[in-house]
Amino acid sequence: MHIQSVLHPAGIEAALVSRLWWVMFWTCAVVWVAVAGAMLFAIRRGRTRVAPANERSVFRNVLVAAGISLVALVWLLFESVLTGRAQENVSTKDSLHIQVTGYQWWWDVQYENPVPSLQVTAANEIHIPVGRAVVVDLFAGDVIHSLWIPNLQGKIDLIPGRHNTLTLRADAPGIYRGQCAEYCGAQHAHMALVVVAEPAEQFERWLSANRAPAPAPVTPSQVRGKEVVERGPCAMCHNITGSLASARTAPDLTHIASRSTIGAATVPNTRGYLAGWILDPQHIKPGNRMPPTGLSDEELQAVLDYLETLK
Amino acid sequence: MRHAVVILVVAALAGACERETRRYQELPAAANRETGVRLTTLQPGAPQQSETVQSPYQNNAWGMSEGKRLFAAYNCTGCHGVNGGGAIGPALKDDKWIYGSQPDQIYSTISQGRPDGMPSFGGHLPAQQIWMLVAYVQSMSGITPKDAAPSRNDDQMNAIPESRTGFLPPIQTGHR
């Protein structure tokens, strides 16, 4: 699986980038072989057996070398501009609009919709339909970040107070990894996200499932878990639609159980990792914004039981 | 002579460590004490000073700037105003203290809440974060050391930073 590789494009934009990469690679390879060959030839020939070159021929040789270099550079510039133009010309007709906001150190994802009740909020995981253009509106909540999903598109910065857009289109279903590509603080390396490209009907199912609020807890343990979330520390930062927790400074947890990772793709979303994260997030990701919660054993198990229902 | 210079440099570096320490995990023992909180100056018998408990982040630049971040993140600004200038809640950057300026008194104010509007954050906030807020609230009136107080905002700032706030001697008012 090449889940994070420029050389295995899964979308039209990335294919253009990848093509440009190979053009540059082969151009540079030819230049390198030519230069190394000329140097080897000069070393083998030695300096004693030939008469000193006259000034005219030296001038001619330098002129030819400079000319070849100039042609190669202009050729690469030309290819680069053509790639940029081709990327700009990818049709965004009937596109899906997603708003991604970078925070230290996680991604807030909003599926835009003119009807507020149809908007969907997710975090650190983007689902997109295959074959449909996606326009990503990029914002930053604190410092400069950069979104890079190598299999799908080149990178672009998220800058506080500014609005950038990125257009991408996945042409093959799959799971691709993206990450922050602009140093943004202590946990920059653990600021990643998962992009799930899936067939259109599967995507629509995911979207409508994520529009629903969290289901009411059933078992006594789940009821207790919801109570701890609402009355304890979780509700100070997190939102779970359908509960009293409605803060917006940390990732939305309404559908946390449907995600494959926690901590911005730092560790897999399993009961064990989740328990470790809730008790001592600073051990897994030192410096991140979540404080140790200090829940008791009973409270922790109840919270885990409740979070597992948030599919 | 050369040895003296080396020793001086090492001593200066060691002294600078406390300011820059980032205590992501452990909470210093002093922070777990919640004793001696006095809301009034009236006492039985001869008045005695209550035992002072300092915030563990009193001299720690990281803890205090985290307090500043939390002050906005937990919407303290909603009542106390941006930069603590006051709104429907009392101003925090002046010299007047209704419930006391001592760290343990501020801790109790945040943790227990106060009449007429101050919510109780106890049970919602970990003790560590309350102590960060305590240090930051103190820095707003220049009570904490200047070299550790925040000197900048993450965004545009329309007031002088806490590190340049002059020391305002606390006045206990007991009322708004």
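In this predicted model, the largest nonpolar core comprises 38 residues, and those with the most contacts inside it are A:Leu152, A:Leu193, A:Val195 and A:Ala264. The element that gives the most to this core is strand β10 (residues 192-198) of chain A, with 5 residues. A second, separate core of 24 residues was also found, and B:Leu92, B:Ile130, B:Val134 and B:Met140 are included in it. When residues up to four places away in sequence are not counted, A:Leu193 touches A:Trp107, A:Asn124, A:Glu125, A:Ile126, A:Gly178, A:Ala264 and A:Ala265.

Confidence was examined for chain A, where the mean pLDDT is 92 and 97% of the residues reach 70 or more. Within chain A, confidence is lowest in helix α2 (residues 55-88), at a mean of 91, and highest in strand β6 (residues 145-148), at 96.

Helix α4 (residues 220-231) of chain A has 12 residues, and the distance from its first C-alpha to its last is 16 Å, close to the 16 Å expected at 1.5 Å a residue. The buried residues of α4(A) are A:Gln222, A:Gly225, A:Lys226, A:Val228 and A:Val229. Viewed down the axis of α4(A), these buried residues fall within an arc of 160°, so they line one face of the helix. The partner against which the buried residues of α4(A) pack is α7 (297-307) of chain A.

The contact between the two chains takes 15 residues from chain A and 12 residues from chain B. On the side of chain B that touches chain A, the residues divide into 5 nonpolar, 5 polar and 2 charged.

Several backbone features were also noted. Most residues other than glycine have a negative phi, and most peptide bonds are trans. The peptide bond from A:Gln104 to A:Trp105, however, is cis, with omega near -5°, and A:Trp105 is placed in the loop between β1 (96-103) and β2 (106-111) of chain A. A positive phi of about 55° is found at A:Asp94, although this residue is not a glycine; A:Asp94 belongs to the loop between α2 and β1 of chain A and is exposed, because 7 other C-beta atoms lie within 10 Å, where exposure requires 12 or fewer. In chain B, B:Asp116 likewise has a positive phi, near 65°, in a residue other than glycine. B:Asp116 lies in the loop between α4 (103-112) and α5 (127-139) of chain B, and B:Asp116 is exposed, with 8 other C-beta atoms within 10 Å.

Notes. Residues numbered from 1 in each chain as written. Chains lettered and ligands numbered in written order. Predicted model: local features only at pLDDT ≥ 70, side-chain atom pairs only at ≥ 80, totals over all residues. Helix = DSSP H or I, 4+ residues; strand = E, 2+ residues; numbered from the N terminus. Expected span 1.5 Å × (residues − 1). Buried ≥ 20, exposed ≤ 12 C-beta atoms within 10 Å, placed from the backbone. Arc of directions from axis to C-beta. Contact = placed C-beta atoms within 7 Å. pLDDT = per-residue confidence, 0-100. Core = buried A, V, L, I, M, F, W, Y, C linked by C-beta atoms within 7 Å. Nonpolar A, V, L, I, M, F, W, Y, C, P; charged D, E, K, R; others polar.
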